[in-house]
Amino acid sequence: MTKKQRQLFLSKVTALLLSLGAEQSDDHFTLQTKAGKLTLHPDENKTVGPGTVFTRFDDPQAARQFVDCNPFSGKWNHHYFDGWDVETAVTDFTYWLGKVLA
């Protein structure tokens, strides 16, 4: 995976989040979901694969009605390592976000 492809992953995830109404603040985003506030931090992987989107729900118990996040911290990370191309990773992430969007 080239640096250009990893940067493409970040730009596509950023465009997706903004199109869904997320608010951007520096390097992270906030998105209102069916389970409450979700904070997202997209990051490119340094060596393999396109990247990771680190996420955390403010209310883990509410989020667990929709997805399998950490019941204590609310973490719900999406890792895209070797074997993922940019388009497939963004499509997968879009699918999972659909589970928590109204």
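This is a predicted model: local features need pLDDT of at least 70, side-chain atom pairs count only at pLDDT 80 or more; totals for chains, interfaces and linings use all residues.
Five strands make up an open sheet. Their order is β1-β2-β3-β4-β5, with antiparallel pairing. β1 (23-25) and β5 are the edge strands. Each has a single partner strand, so one side of each has no neighbour in the sheet. On average, neighbouring strands are turned by 20° against each other, direction ignored.

Strands of a sheet pair through backbone hydrogen bonds, either parallel or antiparallel. Glutamine 24 has phenylalanine 29 in β2 as its bridge partner.

## Helices across the sheet

Helix α1 (residues 3-19) lies across β1, β2, β3 (36-44), β4 (51-57) and β5. Its direction is at about 160° to β3.

Helix α3 (residues 86-98) lies across β2, β3, β4 and β5. Helix α3 runs at about 165° to β5.

## Histidine 78

Is histidine 78 buried or exposed? Its relative accessibility is 6%. The cut-off for buried is under 20%, so histidine 78 counts as buried.

A polar atom of the histidine 78 side chain lies 3.3 Å from the backbone oxygen of tryptophan 76. Leaving aside residues up to four places away in sequence, histidine 78 touches Gly51, Thr52, Val53, Thr55, Phe93 and Trp96.

Technical notes: Residues are numbered from 1 along each chain as its sequence is written. Side-chain values use heavy atoms; hydrogens and water are left out. Buried means under 20% relative accessible area, exposed over 50%, partly exposed in between (1.4 Å probe, protein chains only). A polar contact is a pair of N or O atoms within 3.5 Å; within protein, one must be able to donate a hydrogen and the other to accept it, and residues adjacent in sequence count only if both atoms are side-chain atoms. Contact means heavy atoms within 4.5 Å. Two strands pair if DSSP finds at least two bridges between them. Helices (H or I, at least four residues) and strands (E, at least two) are DSSP runs, numbered from the N terminus. Axes are lines fitted to C-alpha atoms, for helices over the stretch in contact, and angles run from 0 to 180 degrees between N-to-C directions.
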